Number of protein chains: 2
Amino acid sequence: MKTPEALRDFGLGWLDGSGPHADIVLSTRVRLARNLQGHRYAAQADAGEREAVYSSVAGMLETPVFPGGASLLRMGELDVHTRRIFLERRLVSSDLLGRQRADQPSAGAALLVCPDDPVSVMVNEEDHLRLQSLVSGLSVMEAWSLVDRLDDGIGGDLSLAYHPEFGYLTSCPTNTGTGLRASALVHLPALVLTKEITRVLEGLERVGLTHRGLDGEGSDFVGNFFQISNQKTLGRSEEDLVEHFGATVTTVIEKERRARQVLRGAGPRTEDLIWRAYGLLRHARLLTYRDLMELLSGVRLGVSLGMLPSPRVNALNRIIIFSQAAHLAEAAGRELDASERQAHRAQYVRRVLQGENGSPTTDPGS
Amino acid sequence: MKTPEALRDFGLGWLDGSGPHADIVLSTRVRLARNLQGHRYAAQADAGEREAVYSSVAGMLETPVFPGGASLLRMGELDVHTRRIFLERRLVSSDLLGRQRADQPSAGAALLVCPDDPVSVMVNEEDHLRLQSLVSGLSVMEAWSLVDRLDDGIGGDLSLAYHPEFGYLTSCPTNTGTGLRASALVHLPALVLTKEITRVLEGLERVGLTHRGLDGEGSDFVGNFFQISNQKTLGRSEEDLVEHFGATVTTVIEKERRARQVLRGAGPRTEDLIWRAYGLLRHARLLTYRDLMELLSGVRLGVSLGMLPSPRVNALNRIIIFSQAAHLAEAAGRELDASERQAHRAQYVRRVLQGENGSPTTDPGS
């Protein structure tokens with residue numbers, strides 16, 4: 001029940017909260033959907049064709065496309081625990097892990113990881129290649145530059161499916177064109193408390209952005225966390241899409257900041273809500289993940305408003321990742337049943353709030 | 001906004017938690033209803049007749065009936081704040097304060113207090129005299145002895161309305177006979193959590209005891225606190241009534257203790273509930289009294305189960321009294337509006353849980 005040492009901290013760079021507006025925007029990700037010419041899309045492809053895609057990617061590993069080196073991890077060769085760790089870090093999708101097929105990754109399903117940059121490539125997911133980056137705060141240009149550089153390298157080495165009129169061709173037509181999806185994970189408790197959130201979200205839809213809850217499409221809005229992303233991928237350049245996305249999310253941030261100012265001056269109700277959330281996280285003996293996220297929302301707001309002196313944003317970010325099921329099991333060194341998981345989660349959170357180090361090597365079970 | 005110095009600690013002896021089973025039974029009270037011959041009952045009496053009753057009581061003050069001395073406080077001469085303090089300490093009734101009549105006590109309404117014993121006498125309440133004692137824990141015999149001694153003294157000095165067949169005559173026929181009402185304020189969280197409470201309360205009814213919430217008849221059951229008292233006053237001796245009452249409440253205590261054992265061994269749910277209550281009391285910035293009592297119930301259970309190391313029972317008892325409206329105003333030195341009261345209450349409770357002294361001189365507003 002241990003993730004290989006080299007992968008222990010992989011995909012966690014954004015937790016440091018070093019990016020712009022990191023108190024409101026947890027992370028920005030940009031992904032590009034790309035497919036290789038001469039192969040059917042992954043969903044239609046047989047094992048042989050999927051392996052051929054895998055081999056094409058593997059063939060680039062030792063080339064100047066990856067000056068800092070790269071590793072290609074076959075999902076089928078990772079143990080189920082490590083795969084879940086990757087899933088919880090949002091490095092791989094359920095689809096890549098074949099979770100719909102009894103946790104059995106399909107042939108050729110792999111993740112290409114780079115040691116130096118927060119970029120990776122899912123291989124044989126819905127598209128042959130999904131180039132993705134994940135960075136702290138609202139850093140859309142940085143996130144895009146990372147995948148764009150990778151795209152240039154890969155496009156120079158492999159023949160990508162591209163149509164002069166439609167752009168990059170993708171498995172699902174909604175991705176065709178740039179194949180670009182930018183998304184930001186934002187925390188909007190003040191807009192929720194002031195009941196402005198519906199209007200703000202409707203405004204996003206009108207300018208071509210969509211939103212969903214923390215755990216992807218269809219999930220509801222736990223803890224006032226929202227994932228905002230662009231809907232259209234076609235008819236504009238990547239730069240345009242990214243710029244429009246960044247500018248729109250910036251207006252949401254400004255609205256959230258104004259709403260926080262309103263709450264700051266609106267009497268003791270907000271302070272009470274914040275301290276109650278802190279009191280529960282600091283003392284509860286059992287926590288479901290949903291419970292945790294709702295309470296964490298209050299604490300995160302409290303820190304941002306200066307009503308709570310601690311913990312800092314990076315500790316709050318760590319809690320989101322490390323109190324998930326597989327991460328708790330990793331720390332405990334064994335599988336946990338549902339009730340144990342709640343107890344371990346509560347103990348882990350208590351420790352972090354006590355100012356202890358919430359590192360992945362801390363054993364929340366002891 | 002200050003209660004006269006001599007009355008500052010009056011009626012608070014039971015808070016020390018020194019009585020038997022004080023973790024479950026907060027206090028025991030016994031009261032005897034008595035009326036003077038030759039005067040109409042207080043409800044029918046005019047001002048002159050009520051004053052005559054008052055004078056009869058005043059005439060005993062310097063006699064051996066009160067070897068330790070006694071004071072007779074006219075309700076109309078106390079300021080409204082002090083009257084509310086007395087009400088919150090359950091030393092006087094709303095009826096005696098004339099609260100139904102715009103907070104105007106009727107002529108002759110008074111409270112006789114003894115400096116050495118936890119006994120007092122309401123004068124010109126529903127009956128001419130209501131002798132009452134209030135002691136810590138389940139101490140029925142002690143509470144009864146205190147009023148019985150007083151009853152002997154008063155009966156030797158004044159002619160009490162007594163019928164050889166019916167016993168002591170009272171304004172309301174339900175009190176006729178002994179005029180004795182014993183009651184215990186009990187905390188039964190484990191019976192509530194294990195859902196045995198309904199059966200236990202039904203059992204009480206069958207043996208002639210009744211129950212109500214914390215604030216008297218008709219009030220609902222806040223914080224798992226119940227007032228249990230005898231229904232019948234007629235046809236048995238005072239000793240029999242008191243003994244039967246004490247024995248029955250003892251069986252309730254045993255049931256509660258067994259239910260607490262069940263909870264102790266029943267997994268982490270109870271511990272979580274207890275620590276969450278503690279976390280909220282320790283950190284909330286606003287508390288309604290109802291909120292407080294519900295949370296205090298969890299903390300009280302936690303202390304009793306040894307799951308929380310503190311606070312001790314006497315601190316928990318103090319909170320019940322000192323977070324009421326008039327007591328908070330006393331500590332603040334001024335009237336508080338509803339919102340301020342919630343903030344002062346929360347601050348007072350935080351201080352007590354921080355291990356500070358929850359004395360009435362502590363200013364929860366600072």
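**Figure 1. A salt-bridge network in chain A.** A:Asp23, A:Glu256, A:Arg257 and A:Arg260 are joined in a network of salt bridges. A salt bridge here is a side-chain nitrogen of Lys or Arg within 4 Å of a carboxyl oxygen of Asp or Glu. The model is predicted: local features need pLDDT of at least 70, side-chain atom pairs count only at pLDDT 80 or more, and totals for chains, interfaces and linings use all residues. Residues are numbered from 1 along each chain as its sequence is written, chains are lettered from A and ligands numbered from 1 in the order in which they are written, and side-chain values use heavy atoms, with hydrogens and water left out. One pair in view is A:Arg260 with A:Asp23, whose closest N and O atoms are 3.9 Å apart. A:Arg260 sits in helix α7 (residues 238–264) of chain A and A:Asp23 in the segment before β1 (25–34) of chain A, so the pair ties together parts that are 237 residues apart in sequence. Helices (H or I, at least four residues) and strands (E, at least two) are DSSP runs, numbered from the N terminus. A:Arg260 is buried, at 2% relative accessible area. Buried means under 20% relative accessible area, exposed over 50%, and partly exposed in between (1.4 Å probe, protein chains only).

**Figure 2. Two further salt bridges of chain A.** Side chains of opposite charge can pair when their charged atoms come close. A:Arg40 and A:Asp46 form a salt bridge at 3.8 Å, N to O. A:Arg40 is partly exposed, at 44% relative accessibility. A:Asp46 is partly exposed too, with a relative accessible area of 43%. A:Arg334 meets A:Glu340 in a salt bridge at 3.2 Å, N to O. A:Arg334 is partly exposed at 38%, and A:Glu340 is partly exposed at 26%. Over all chains, the whole structure holds 32 salt bridges.

**Figure 3. Helices α9 and α10 of chain A.** Two packed helices are described by the angle between their axes and the distance between the axes. Helix α9 (residues 289–304) of chain A packs against helix α10 (residues 313–322) of chain A at an angle of about 170°, and the axes are 11 Å apart. Axes are lines fitted to C-alpha atoms, for helices over the stretch in contact, and angles run from 0 to 180 degrees between N-to-C directions. The two helices, α9(A) and α10(A), are therefore roughly antiparallel to each other. Angles under 35 degrees count as roughly parallel, over 145 as roughly antiparallel, 65 to 115 as roughly perpendicular and the rest as oblique. From α9(A), the contacting residues include A:Tyr289, A:Leu292 and A:Leu296. From α10(A), they include A:Val313, A:Leu316 and A:Ile320. Contact means heavy atoms within 4.5 Å.

**Figure 4. Cis peptide bonds in chains A and B.** In chain A, a cis peptide bond joins A:Ser310 and A:Pro311, with omega about -5°. A:Pro311 lies in the loop between α9 and α10 of chain A. In chain B, the bond from B:Ser310 to B:Pro311 is cis, with omega near -5°. B:Pro311 is in the loop between α9 (289–304) and α10 (313–322) of chain B.

**Figure 5. A:Asn230 and its surroundings.** A:Asn230 belongs to strand β10 (residues 225–230) of chain A. A:Asn230 is buried, with 4% relative accessible area. Beyond its neighbours within four places in sequence, A:Asn230 touches residues including A:Leu180, A:Gly208, A:Leu241 and A:Phe245. A:Asn230 and A:Ala259 are 29 residues apart in sequence and 24 Å apart in space, C-alpha to C-alpha.

Figure 6. Phi of A:Asn224 is near 60°, a positive value in a residue other than glycine. A:Asn224 lies in the loop between β9 (209–212) and β10 of chain A. A:Asn224 is buried, at 17% relative accessible area. B:His21 has a phi near 55°, also positive in a residue other than glycine. B:His21 is in the segment before β1 (25–34) of chain B, and is partly exposed at 32% relative accessibility.

**Figure 7. Confidence along chain A.** Chain A averages a pLDDT of 90, and 94% of the residues score at least 70. pLDDT is the predictor's confidence in each residue, from 0 to 100. Among the elements of chain A, strand β5 (residues 129–136) has the highest mean pLDDT (97) and strand β7 (residues 167–168) the lowest (88). Over residues 356–366 of chain A, pLDDT stays under 50. For the complex, the predictor gives an ipTM of 0.88 and a pTM of 0.90.
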